[in-house]
Amino acid sequence: MKTVEEIKTAIEAALPEARVELVSNPSPSWQHSLRIDPGHALAIAKFLRDDADLKLDFLSNVTGVDWPDKEITEKVQVMQTIDLTYEGSDQTTEEVVEETRKRIEPGYLETVYHLYSVEKKHGPVILHMRTVNRTDQVELPSFTPLWRSAEFQEREVFDLYGIIFTGHPDLRRLLMWDEFKDHPMRKDYVEPDDFEYEPTAHDEVLKRAEAHRAALSIPAGGRV
Amino acid sequence: MDEGLKIELGKQGVFVTTIAELYNWGRSNSIWPMQFGLACCAIEMIATTMARYDLARFGAEVFRPSPRQADLMIISGTVTKKMAPQVVRLYNQMAEPKYVIAMGACAISGGPFKQGYNVLKGIDRYIPVDVHIPGCPPRPEALLQAFMTLQKQIDAQPLTGAGRPRHLNAEAQGEFPVPVPGEHDLEPRSNPGVWPLPILNNR
């Protein structure tokens, strides 16, 4: 099979307007992947499926990843003008001062696709796509029109992460009920507090049972 | 009636019993379970009905695929919050007298999925459970033990007075409210009529 770099070059040759980024994986698995832009994702996917060398006819896996907002603390070197009186005369000097700045890097949701070729017996080729943010711009194109195996997996990603797949023929919740409003696999998901009866609580369950009692201000051993 | 006299009369060819004894003997030896399984415990339940363990010895060989014809609901496995309303609805559709065995760690408490957001922490929050069996999954012997425990409970039940079965008590609750799937969790989280929050003595 072509290496990931060669695939990237092939995509760029076939679709010059598409933006493809190589994401290297330094871990022992050495599975590099390609981050594609959602705007041209369908065209790229169609190319990967139909290209004579690649023939990636099987989409084996769709995964969601939640990347929450990150607070980054960094030290920045800033030029500062300092006015000072030196030996009776005003002088202005410039000095390099180190400043600690905090900024919040906005989070996003990501999907990961693993593509294989049954015909050519090779794979996987791994694709990523990122949403703009985690709140209101969470649309990504659906690959269900190209690979039917994506249908249920995209529904699961929609259910658990809240990514909206445009072009999906039947985007409903898969695991949770229709009335459910949350997305349980997101990092900021708050679970229902139903730890009212814990006869043998320990570790994590004990912590939650105590938090439940504290929230309702029930004394230990007390009854609701 | 005196037990010795009863045996003596039996030797003379006279059979003496009470209505309650006869009635309970009848219903405790013809408990037909409902044919439904929820998770891996169901595999053990199937094994219990097969030749090696043979639940038929206790009068429970007929698994009915309809709640209308079943007496016993074996909650065999994990009850997810999505499934819980259906389980309660099936229980409501069963005709009295009806019994429930909660089989396995998940059915009695949520088991290994207790910390999850999607598993009900014990089916006894919504319906009355007669026998709980721990285990993950319980062995067929444990299910047989639970079954025999249920039979003993039925045999010991008086037909009049405070401890009488639900179908002989006009004031007893016959239908149990089905929880509604809400925006974050099932609503309500438990049925206080069935499951008043137990007091913990260990703290």
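**View 1. The loop between β6 and β7 of chain A, with A:Lys121, in the predicted model.** A:Lys121 lies in the loop that links β6 (108-117) to β7 (122-130) of chain A. Its phi is near 55°, a positive value in a residue other than glycine. Most residues other than glycine have a negative phi. A:Lys121 is exposed, because 9 other C-beta atoms are found within 10 Å and the limit for an exposed residue is 12 or fewer.

**View 2. A:Asp203 in helix α4 of chain A.** Helix α4 of chain A comprises residues 203-215, and A:Asp203 belongs to this helix. A:Asp203 is not a glycine, yet its phi has a positive value, near 50°. With 8 other C-beta atoms within 10 Å, A:Asp203 is exposed.

**View 3. The cis peptide bond from B:Glu96 to B:Pro97.** Omega of this bond is near -5°. B:Pro97 is located in the loop of chain B between α4 (84-93) and β2 (99-103). Most peptide bonds are trans.

**View 4. The cis peptide bond that joins B:Cys136 and B:Pro137.** Here omega is about -10°. The loop between β3 (131-133) and α6 (140-155) of chain B contains B:Pro137.

**View 5. The contact between chain A and chain B.** Chain A contributes 19 residues, which are in contact with 18 residues of chain B. On the side of chain A that touches chain B, 10 residues are nonpolar, 8 are charged and 1 is polar.

Technical notes:
Residues numbered from 1 in each chain as written. Chains lettered and ligands numbered in written order. Predicted model: local features only at pLDDT ≥ 70, side-chain atom pairs only at ≥ 80, totals over all residues. Contact = placed C-beta atoms within 7 Å. Nonpolar A, V, L, I, M, F, W, Y, C, P; charged D, E, K, R; others polar. Helix = DSSP H or I, 4+ residues; strand = E, 2+ residues; numbered from the N terminus. Buried ≥ 20, exposed ≤ 12 C-beta atoms within 10 Å, placed from the backbone.
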